[in-house]
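The report below concerns one protein model and is written for a reader who is new to structural description. Please keep the sequence and the three-dimensional view at hand while reading.

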Amino acid sequence: PLLGRFEEKYLELPREVVTSTLTGHQRYFPVADHDGALVNAFVTVANLESKAPDQVRDGNERVIRPRLADAAFFWDSDRKQPLEARIESLDRVVYQQGLGSLGDRSRRVGSLVEHLATALAHESPTALRAAALAKCDLLTGMVGEFPELQGTMGAHYAQADGEPAAVATAIREQYLPRFAGDEVPATIDGQLVAVGDRLDMLAGIFALGKRPSGNRDPFGLRRAALGIVRILVERELDLDLKAAIDRALQLQPVDGIDVPAVGHELYHFIAERLRGYALDRDPGLRTETLDAVMAREPASLFDFVTRLDAVKDFLGLEQAESLAAANKRIANILRKSDADSGNASVDRRLLDDEAEKELYAALEAIGDTVRPLIDRHEYTAALQALAALRDPVDRFFDDVMVMTDDPDVRNNRLALLGQLRTLFLGVADVSRLSSV
């Protein structure tokens, strides 16, 4: 390793520009002081132990000077025109064949950001301004030379233009997370732009029918979907993702999109990334637990994780195994019957056996407690309340013949079981937790 130096004036450039110049062009190591501030030095590594190390050092210093000079030129020339002045030029750059220009994409992202902000009850002028400027740095000389600085340079240029700090931050955060383990946007405006940007890309490519196949994913759709998962879950954004997907598809300039069908496919594509994310985050998580929640297809991914945590807690209760088995038995009975038991009402006059009367009374009492808990997304408390049904459910199956010959009594008992299953389905399909 050899220590080289460059002119101190280049430290006036944004830190990311200097480090990208050193690492991207020459594979040099940038050097910082004890406080983390960049200094005008770099470390390079020779592949031999030179007899004239000063010559090797001088050669490397000569190579990096014009690179830094080019970066300084781009920095100065790019700032002669504000980001806003480049908005019109975005219409002259093709984004993707069939999906219009970068200007079209920018406007779609803006519409999505507005939808997301409304759904999350957030005032959106900052996010909308950031969305309008977000792609402008793609037309700058600096990003043309250093594509990895997109977003980062947009933030620097926005600051130089006098844009509010929150706008610059949202522009910087639009591409986060860039890779596995990267940070997610810290600000709500950055989160809105980042999610809107990814939703537009996913919706557009899915609308064109260019889904990933096998290991092929040329558009990075899996990474984009995982980014949405991480932002919504880690920042606890209770967003109706299904509605957001539908809105993203409606904005695409593709004729004949079957929005419900493509939206359902895209939701499951994102949900599969959530499955992998959840298993990576909790190696002890059982796939059956995931399946129990996945079966309900929660519109909100944050709500999905809340349900998942509740089901994991439920599995720790002594009543869980018995109730899971009972739910599986109920699911099988209802599936084999022709009655629409899930929405059918129970006729108390047809309740004959003491065990079914007891179950009906327990359902009436617990239902009044559980439904408000589910409405408030207090799923752990809801499942704990439902655990009290184990004994009446066990007695019902011990003492009552559901598929009796009398059709009225049979349908009434099916309706009773349907109401029981519906209460549990308010949280998850716990029948999938049973191995019976």
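## Basis of the description

This is a predicted model, in which local features need pLDDT of at least 70 and side-chain atom pairs count only at pLDDT 80 or more, while totals for chains, interfaces and linings use all residues. Residues are numbered from 1 along each chain as its sequence is written, and side-chain values use heavy atoms, with hydrogens and water left out.

## Packing of helices

Two packed helices are described by the angle between their axes and the distance between the axes. Helices (H or I, at least four residues) and strands (E, at least two) are DSSP runs, numbered from the N terminus. Axes are lines fitted to C-alpha atoms, for helices over the stretch in contact, and angles run from 0 to 180 degrees between N-to-C directions.

| Helix pair | Angle | Distance between axes | Crossing |
|---|---|---|---|
| H14 and H18 | about 130° | 10 Å | left-handed |
| H12 and H13 | about 130° | 9 Å | right-handed |
| H15 and H16 | about 165° | 8 Å | left-handed |

A crossing is left-handed if the near helix is turned anticlockwise from the far one by less than a right angle, and right-handed if clockwise. Angles under 35 degrees count as roughly parallel, over 145 as roughly antiparallel, 65 to 115 as roughly perpendicular and the rest as oblique.

Helix H14 covers residues 320–336 and helix H18 covers residues 407–425; their axes form an angle of about 130°. H14 is therefore oblique to H18. In this pair, Leu323, Asn327, Ile330, Ala331, Ile333 and Leu334 of H14 are in contact (heavy atoms within 4.5 Å) with Leu414, Leu417, Gly418, Leu420, Arg421 and Phe424 of H18. By class, the contact of H14 with H18 comprises 9 nonpolar, 2 polar and 1 charged residues. Here Ala, Val, Leu, Ile, Met, Phe, Trp, Tyr, Cys and Pro count as nonpolar, Asp, Glu, Lys and Arg as charged, and the others, Gly among them, as polar.

Helix H12 (residues 287–294) packs against H13 at an angle of about 130°. H12 is therefore oblique to H13. From H12, Thr289, Leu290, Val293 and Met294 meet Phe304, Arg307, Leu308, Val311 and Lys312 of H13. The classes in the contact of H12 with H13 are 6 nonpolar, 1 polar and 2 charged residues.

Helix H15 (residues 354–375) and helix H16 (residues 379–386) have an angle of about 165° between them. H15 and H16 are therefore roughly antiparallel to each other. Ile366, Val370, Leu373 and Ile374 of H15 meet Tyr379, Ala381, Ala382, Ala385 and Leu386 of H16. The contact of H15 with H16 has 9 nonpolar residues, no polar and no charged.

## Pockets and cavities

Rolling a probe the size of a water molecule over the atoms shows where empty space is left. On a 1 Å grid over the protein atoms alone, a cavity is a set of points where a 1.4 Å probe fits but cannot get out, and a pocket is an open set with protein on both sides within 12 Å along at least five of seven lines; lining residues have an atom within 4 Å of a point. Grid points are joined across faces, edges and corners, and a volume is the space filled by probe spheres set on the points.

The largest pocket holds about 430 Å³ of space. Its lining has 17 residues, and Gln150, Tyr175, Asp197, Met201 and Arg223 lie nearest its centre. H8 gives the most to this lining, with 3 residues. The lining of the largest pocket contains 8 nonpolar, 3 polar and 6 charged residues.

The second largest pocket has a volume of about 160 Å³. Among the residues lining the second largest pocket are Glu16, Arg172, Leu176 and Phe179. Its lining has 3 nonpolar, 1 polar and 7 charged residues.

There are 3 cavities of 30 Å³ or more in the structure, and the largest cavity contains about 40 Å³ of space. Ala278, Arg281, Asp282, Leu285, Leu308, Asp309 and Lys312 line the largest cavity. The largest share of this lining, 3 residues, comes from H13.

## Backbone features

Leu176 and Pro177 are joined by a cis peptide bond, with omega about -5°. Pro177 lies in the loop between helix H7 (165–173) and H8. Arg27 has a phi near 60°, a positive value in a residue other than glycine. Arg27 is found in the loop between helix H1 (15–26) and strand S2 (29–32).
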